[in-house]
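Here is a short briefing on one structure. Keep the sequence and the model in view while reading.

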Amino acid sequence: MERNSSLWKNLIDEHPVCTTWKQEAEGAIYQLASILFVVGFMGGSGFFGLLYVFSLLGLGFLCSAVWAWVDVCAADIFSWNFILFVICFMRFVHIAYQVHSITFAREFQLLYSSLFQPLGTSLPDFRTIAMSSEVVTLEKEHCYAMQGKTSIDKLSLLVSGRIRVTVDGEFLHYIFPFQFLDSPEWDSLRPTEEGIFQVTLTAETDCRYVSWRRKKLYLLLAQHRYISRLFSVLIRSDIADKLYALNDRIYIGKRYHYDIRLPNFYQMSTPEMSRSPLTEHFRNSRQHCDKQH
(Lines give C-alpha, C1' and ligand atoms only; values in the text may rest on other atoms or scores of the structure.)
Protein backbone atom coordinates (compact mmCIF):
# COMPACT_ATOMS: atom_id res chain seq x y z
CA MET A 1 0.00 0.00 0.00
CA GLU A 2 2.85 2.35 0.86
CA ARG A 3 4.51 1.47 -2.43
CA ASN A 4 1.39 2.48 -4.36
CA SER A 5 1.21 5.74 -2.41
CA SER A 6 4.85 6.45 -3.17
CA LEU A 7 4.33 5.76 -6.88
CA TRP A 8 1.28 8.02 -6.98
CA LYS A 9 3.24 10.75 -5.17
CA ASN A 10 6.11 10.51 -7.66
CA LEU A 11 3.75 10.66 -10.64
CA ILE A 12 1.49 13.46 -9.44
CA ASP A 13 2.87 15.40 -6.51
CA GLU A 14 6.55 15.49 -7.44
CA HIS A 15 6.09 15.72 -11.20
CA PRO A 16 7.23 19.11 -12.54
CA VAL A 17 4.32 21.42 -13.32
CA CYS A 18 4.18 23.27 -16.62
CA THR A 19 5.18 26.84 -15.84
CA THR A 20 5.26 28.11 -19.38
CA TRP A 21 3.09 27.10 -22.33
CA LYS A 22 4.02 27.23 -25.97
CA GLN A 23 2.55 30.26 -27.65
CA GLU A 24 2.54 28.84 -31.16
CA ALA A 25 0.29 25.95 -32.23
CA GLU A 26 1.59 22.65 -33.50
CA GLY A 27 2.13 22.24 -37.23
CA ALA A 28 -0.40 21.33 -39.91
CA ILE A 29 0.46 17.61 -39.78
CA TYR A 30 -0.57 17.35 -36.09
CA GLN A 31 -3.79 19.29 -36.73
CA LEU A 32 -4.62 17.04 -39.69
CA ALA A 33 -4.05 13.94 -37.54
CA SER A 34 -6.44 15.28 -34.89
CA ILE A 35 -9.12 15.99 -37.51
CA LEU A 36 -8.76 12.47 -38.92
CA PHE A 37 -9.19 10.98 -35.43
CA VAL A 38 -12.36 12.99 -34.81
CA VAL A 39 -13.91 12.09 -38.17
CA GLY A 40 -12.76 8.47 -37.91
CA PHE A 41 -14.46 7.86 -34.57
CA MET A 42 -17.77 8.94 -36.13
CA GLY A 43 -17.87 5.78 -38.25
CA GLY A 44 -20.77 3.35 -38.17
CA SER A 45 -21.07 -0.41 -37.76
CA GLY A 46 -20.94 -3.21 -40.27
CA PHE A 47 -18.23 -4.01 -42.79
CA PHE A 48 -18.27 -0.66 -44.55
CA GLY A 49 -18.43 1.20 -41.24
CA LEU A 50 -15.30 -0.65 -40.07
CA LEU A 51 -13.53 0.14 -43.34
CA TYR A 52 -14.35 3.81 -42.80
CA VAL A 53 -13.11 3.79 -39.18
CA PHE A 54 -9.85 1.92 -39.75
CA SER A 55 -8.95 3.88 -42.88
CA LEU A 56 -9.29 7.27 -41.17
CA LEU A 57 -7.69 6.13 -37.91
CA GLY A 58 -4.81 4.62 -39.84
CA LEU A 59 -4.24 7.90 -41.67
CA GLY A 60 -4.46 9.74 -38.35
CA PHE A 61 -1.79 7.52 -36.76
CA LEU A 62 0.39 7.88 -39.85
CA CYS A 63 0.19 11.68 -39.63
CA SER A 64 1.01 11.48 -35.91
CA ALA A 65 4.05 9.31 -36.69
CA VAL A 66 5.26 11.82 -39.29
CA TRP A 67 4.68 14.68 -36.83
CA ALA A 68 6.68 12.84 -34.13
CA TRP A 69 9.53 12.17 -36.57
CA VAL A 70 9.69 15.65 -38.12
CA ASP A 71 8.58 18.11 -35.43
CA VAL A 72 8.91 16.43 -32.03
CA CYS A 73 11.89 14.19 -32.87
CA ALA A 74 10.72 11.62 -30.30
CA ALA A 75 11.45 8.01 -31.15
CA ASP A 76 8.93 6.54 -28.69
CA ILE A 77 6.02 8.69 -29.94
CA PHE A 78 6.93 7.83 -33.54
CA SER A 79 7.20 4.10 -32.73
CA TRP A 80 3.82 3.84 -30.99
CA ASN A 81 1.97 5.77 -33.69
CA PHE A 82 3.62 3.79 -36.46
CA ILE A 83 2.70 0.49 -34.76
CA LEU A 84 -0.92 1.64 -34.45
CA PHE A 85 -0.89 2.66 -38.13
CA VAL A 86 0.31 -0.82 -39.12
CA ILE A 87 -2.44 -2.46 -37.00
CA CYS A 88 -5.14 -0.27 -38.59
CA PHE A 89 -3.76 -0.99 -42.06
CA MET A 90 -3.79 -4.76 -41.46
CA ARG A 91 -7.36 -4.63 -40.13
CA PHE A 92 -8.44 -2.57 -43.17
CA VAL A 93 -6.90 -5.09 -45.58
CA HIS A 94 -8.49 -8.02 -43.72
CA ILE A 95 -11.98 -6.48 -43.76
CA ALA A 96 -11.66 -5.43 -47.40
CA TYR A 97 -10.73 -9.01 -48.29
CA GLN A 98 -13.77 -10.33 -46.43
CA VAL A 99 -16.08 -7.93 -48.28
CA HIS A 100 -14.52 -8.81 -51.63
CA SER A 101 -14.79 -12.54 -50.96
CA ILE A 102 -18.59 -12.32 -50.51
CA THR A 103 -19.82 -13.07 -54.03
CA PHE A 104 -23.24 -14.24 -55.17
CA ALA A 105 -24.87 -15.64 -58.26
CA ARG A 106 -26.61 -13.15 -60.55
CA GLU A 107 -30.05 -13.90 -59.09
CA PHE A 108 -28.85 -13.19 -55.55
CA GLN A 109 -27.13 -9.98 -56.67
CA LEU A 110 -30.40 -8.74 -58.17
CA LEU A 111 -32.30 -9.81 -55.09
CA TYR A 112 -29.92 -8.04 -52.74
CA SER A 113 -29.72 -4.76 -54.67
CA SER A 114 -33.48 -4.58 -55.32
CA LEU A 115 -35.01 -5.85 -52.08
CA PHE A 116 -32.62 -6.42 -49.18
CA GLN A 117 -30.06 -3.64 -49.55
CA PRO A 118 -32.70 -0.82 -49.43
CA LEU A 119 -33.78 -2.28 -46.06
CA GLY A 120 -30.24 -1.94 -44.69
CA THR A 121 -29.41 -5.66 -44.72
CA SER A 122 -25.66 -6.21 -44.49
CA LEU A 123 -23.79 -8.53 -46.85
CA PRO A 124 -22.95 -11.07 -44.09
CA ASP A 125 -26.63 -11.31 -43.09
CA PHE A 126 -27.69 -11.68 -46.72
CA ARG A 127 -25.03 -14.34 -47.23
CA THR A 128 -26.60 -16.30 -44.33
CA ILE A 129 -30.00 -15.97 -46.01
CA ALA A 130 -28.67 -16.97 -49.43
CA MET A 131 -26.78 -20.01 -48.15
CA SER A 132 -30.05 -21.47 -46.85
CA SER A 133 -31.79 -21.23 -50.25
CA GLU A 134 -31.58 -22.52 -53.79
CA VAL A 135 -32.24 -21.01 -57.22
CA VAL A 136 -34.87 -22.88 -59.26
CA THR A 137 -35.97 -22.52 -62.90
CA LEU A 138 -39.66 -22.83 -63.82
CA GLU A 139 -40.40 -23.18 -67.53
CA LYS A 140 -43.29 -21.45 -69.28
CA GLU A 141 -46.75 -22.95 -68.59
CA HIS A 142 -45.34 -25.21 -65.88
CA CYS A 143 -47.00 -25.08 -62.49
CA TYR A 144 -45.29 -24.09 -59.28
CA ALA A 145 -48.33 -25.31 -57.30
CA MET A 146 -51.67 -26.93 -58.14
CA GLN A 147 -54.88 -26.22 -56.29
CA GLY A 148 -55.76 -28.94 -53.78
CA LYS A 149 -52.70 -31.07 -54.66
CA THR A 150 -49.39 -29.37 -53.88
CA SER A 151 -48.29 -29.36 -50.26
CA ILE A 152 -46.96 -26.20 -48.61
CA ASP A 153 -43.37 -27.13 -47.83
CA LYS A 154 -41.34 -24.08 -48.89
CA LEU A 155 -41.27 -20.32 -49.32
CA SER A 156 -40.22 -18.85 -52.67
CA LEU A 157 -39.37 -15.40 -54.01
CA LEU A 158 -39.63 -14.66 -57.72
CA VAL A 159 -36.51 -13.15 -59.31
CA SER A 160 -37.47 -13.05 -62.99
CA GLY A 161 -40.53 -13.83 -65.08
CA ARG A 162 -44.24 -13.67 -64.25
CA ILE A 163 -46.54 -16.09 -62.42
CA ARG A 164 -50.31 -16.33 -62.96
CA VAL A 165 -52.48 -17.17 -59.94
CA THR A 166 -55.86 -18.82 -60.52
CA VAL A 167 -58.55 -20.52 -58.46
CA ASP A 168 -60.97 -22.97 -60.11
CA GLY A 169 -59.64 -21.71 -63.45
CA GLU A 170 -60.49 -18.09 -62.71
CA PHE A 171 -57.72 -15.50 -62.75
CA LEU A 172 -56.81 -13.86 -59.43
CA HIS A 173 -53.67 -11.81 -59.96
CA TYR A 174 -50.10 -11.87 -61.21
CA ILE A 175 -46.90 -12.32 -59.25
CA PHE A 176 -44.05 -10.14 -60.47
CA PRO A 177 -40.29 -10.19 -59.76
CA PHE A 178 -39.23 -9.64 -56.14
CA GLN A 179 -42.61 -10.81 -54.81
CA PHE A 180 -43.19 -14.00 -52.83
CA LEU A 181 -44.96 -16.82 -54.61
CA ASP A 182 -46.58 -18.31 -51.51
CA SER A 183 -46.53 -15.74 -48.71
CA PRO A 184 -50.26 -16.18 -47.81
CA GLU A 185 -49.80 -19.95 -47.52
CA TRP A 186 -46.66 -19.51 -45.42
CA ASP A 187 -48.37 -17.07 -43.07
CA SER A 188 -51.52 -19.20 -42.70
CA LEU A 189 -49.68 -22.17 -41.16
CA ARG A 190 -47.94 -22.62 -37.84
CA PRO A 191 -44.54 -24.36 -37.85
CA THR A 192 -46.11 -27.67 -36.77
CA GLU A 193 -49.04 -27.54 -39.22
CA GLU A 194 -49.26 -28.86 -42.76
CA GLY A 195 -51.42 -27.69 -45.63
CA ILE A 196 -52.02 -27.69 -49.37
CA PHE A 197 -52.37 -24.86 -51.87
CA GLN A 198 -55.86 -23.48 -52.49
CA VAL A 199 -54.73 -21.79 -55.70
CA THR A 200 -52.81 -22.74 -58.83
CA LEU A 201 -49.60 -20.90 -59.71
CA THR A 202 -48.56 -21.15 -63.37
CA ALA A 203 -45.53 -19.61 -65.10
CA GLU A 204 -46.57 -17.28 -67.92
CA THR A 205 -42.93 -16.94 -68.97
CA ASP A 206 -39.71 -18.74 -68.14
CA CYS A 207 -39.15 -17.92 -64.47
CA ARG A 208 -36.33 -18.05 -61.93
CA TYR A 209 -37.06 -18.01 -58.22
CA VAL A 210 -35.20 -18.39 -54.93
CA SER A 211 -36.66 -21.02 -52.64
CA TRP A 212 -36.25 -21.88 -48.94
CA ARG A 213 -37.33 -25.24 -47.57
CA ARG A 214 -39.87 -24.75 -44.78
CA LYS A 215 -38.08 -26.60 -41.97
CA LYS A 216 -34.71 -25.15 -42.89
CA LEU A 217 -36.09 -21.61 -42.97
CA TYR A 218 -37.82 -22.01 -39.60
CA LEU A 219 -34.49 -23.13 -38.13
CA LEU A 220 -32.75 -20.10 -39.67
CA LEU A 221 -35.37 -17.70 -38.28
CA ALA A 222 -35.05 -19.26 -34.83
CA GLN A 223 -31.28 -18.78 -34.83
CA HIS A 224 -31.16 -15.21 -36.18
CA ARG A 225 -33.49 -12.66 -34.63
CA TYR A 226 -32.74 -9.93 -37.18
CA ILE A 227 -33.43 -12.23 -40.14
CA SER A 228 -36.67 -13.33 -38.48
CA ARG A 229 -37.87 -9.73 -38.17
CA LEU A 230 -36.76 -9.02 -41.73
CA PHE A 231 -38.76 -11.92 -43.20
CA SER A 232 -41.76 -10.98 -41.08
CA VAL A 233 -41.79 -7.48 -42.55
CA LEU A 234 -41.24 -8.70 -46.12
CA ILE A 235 -43.92 -11.40 -45.95
CA ARG A 236 -46.59 -9.16 -44.39
CA SER A 237 -45.88 -6.40 -46.89
CA ASP A 238 -46.15 -8.92 -49.73
CA ILE A 239 -49.47 -10.24 -48.42
CA ALA A 240 -50.84 -6.71 -48.24
CA ASP A 241 -49.82 -6.10 -51.87
CA LYS A 242 -51.56 -9.30 -52.95
CA LEU A 243 -54.74 -8.42 -51.07
CA TYR A 244 -54.97 -5.02 -52.72
CA ALA A 245 -54.28 -6.59 -56.12
CA LEU A 246 -57.07 -9.08 -55.42
CA ASN A 247 -59.33 -6.27 -54.23
CA ASP A 248 -59.24 -4.72 -57.69
CA ARG A 249 -60.66 -7.94 -59.17
CA ILE A 250 -63.58 -8.57 -56.81
CA TYR A 251 -67.16 -7.52 -57.50
CA ILE A 252 -70.24 -8.71 -55.66
CA GLY A 253 -73.74 -8.91 -57.06
CA LYS A 254 -74.68 -5.80 -59.03
CA ARG A 255 -71.05 -4.79 -59.65
CA TYR A 256 -70.49 -3.52 -56.10
CA HIS A 257 -66.76 -3.06 -55.66
CA TYR A 258 -65.51 -4.95 -52.62
CA ASP A 259 -63.07 -3.00 -50.45
CA ILE A 260 -60.91 -5.05 -48.06
CA ARG A 261 -60.75 -2.03 -45.74
CA LEU A 262 -64.50 -2.55 -45.04
CA PRO A 263 -64.67 -5.92 -43.25
CA ASN A 264 -68.44 -5.75 -42.71
CA PHE A 265 -69.31 -5.35 -46.39
CA TYR A 266 -70.32 -9.00 -46.66
CA GLN A 267 -72.95 -8.45 -43.98
CA MET A 268 -74.56 -5.82 -46.19
CA SER A 269 -74.79 -8.16 -49.20
CA THR A 270 -77.94 -10.23 -49.56
CA PRO A 271 -77.86 -14.05 -49.80
CA GLU A 272 -79.44 -13.84 -53.26
CA MET A 273 -76.37 -12.10 -54.68
CA SER A 274 -74.45 -14.46 -56.95
CA ARG A 275 -70.85 -15.05 -56.04
CA SER A 276 -68.12 -16.15 -58.41
CA PRO A 277 -65.49 -18.72 -57.38
CA LEU A 278 -63.10 -15.81 -56.99
CA THR A 279 -65.38 -14.17 -54.43
CA GLU A 280 -65.92 -17.42 -52.57
CA HIS A 281 -62.18 -18.06 -52.42
CA PHE A 282 -61.52 -14.60 -51.05
CA ARG A 283 -64.27 -14.94 -48.42
CA ASN A 284 -62.99 -18.35 -47.31
CA SER A 285 -59.47 -16.97 -47.05
CA ARG A 286 -60.68 -14.12 -44.85
CA GLN A 287 -62.65 -16.49 -42.62
CA HIS A 288 -59.59 -18.73 -42.23
CA CYS A 289 -57.47 -15.76 -41.19
CA ASP A 290 -60.14 -14.57 -38.74
CA LYS A 291 -60.22 -18.01 -37.06
CA GLN A 292 -56.46 -17.95 -36.61
CA HIS A 293 -56.46 -14.51 -35.04
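**Helix packing, salt bridges and a surface patch**

Helix 5 and helix 6 cross in a right-handed sense. The model is predicted. The points below start with this helix pair, then turn to salt bridges and a nonpolar patch.

**Helix 5 and helix 6**
- Helix 5 spans residues 106-116 and helix 6 spans residues 123-131.
- The two pack at an angle of about 125°, and their axes are 12 Å apart.
- Helix 5 and helix 6 are therefore oblique to each other.

- Glu107 has 12% relative accessibility, so it counts as buried.
- Arg208 has 27% and so counts as partly exposed.

**Salt-bridge network**
- Glu141, Arg162, Arg164 and Glu204 are linked in a network of salt bridges.
- Within it, the side chains of Glu141 and Arg164 meet at 3.8 Å, N to O.
- Glu141 lies in the loop between strand 1 (134-138) and strand 2 (143-145), and Arg164 lies in strand 4 (residues 163-167), so the pair ties together parts 23 residues apart in sequence.
- Glu141 is partly exposed, with a relative accessible area of 45%.
- Arg164 also counts as partly exposed, at 21% relative accessibility.

- Asp238 and Lys242 form a salt bridge through their side chains, at 2.4 Å from N to O.
- Both residues belong to helix 9 (residues 225-247); they are four residues apart, so about one helical turn separates them.
- Asp238 is buried, because its relative accessible area of 5% is under the 20% cut-off.
- Lys242 is buried as well, with a relative accessible area of 9%.

**Nonpolar surface patch**
- Ile35, Val38, Val39, Met42 and Tyr52 make a nonpolar surface patch of about 470 Å².
- Helix 2 (residues 28-40) gives the largest share of the patch, three residues.
- Tyr52 is placed in helix 3 (residues 46-72).
- Tyr52 has a relative accessible area of 34%, so this residue is partly exposed.

Technical notes:
Residues numbered from 1 in each chain as written. Predicted model: local features only at pLDDT ≥ 70, side-chain atom pairs only at ≥ 80, totals over all residues. Heavy atoms only, no water. Patch = residues over 30% accessible without salt bridge, like charges linked within 9 Å, V, L, I, M, F, W, Y side chains within 5 Å. Areas by Shrake-Rupley, 256 points an atom, 1.4 Å probe, with all protein chains shown as cover. Salt bridge = Lys/Arg side-chain N within 4 Å of Asp/Glu carboxyl O. Buried < 20%, exposed > 50% of the residue type's maximum accessible area, 1.4 Å probe, protein only. Axes fitted to C-alpha atoms, helices over the stretch in contact; angles between N-to-C directions. Parallel < 35°, antiparallel > 145°, perpendicular 65-115°, else oblique. Left-handed = near helix turned anticlockwise from the far one by under 90°.
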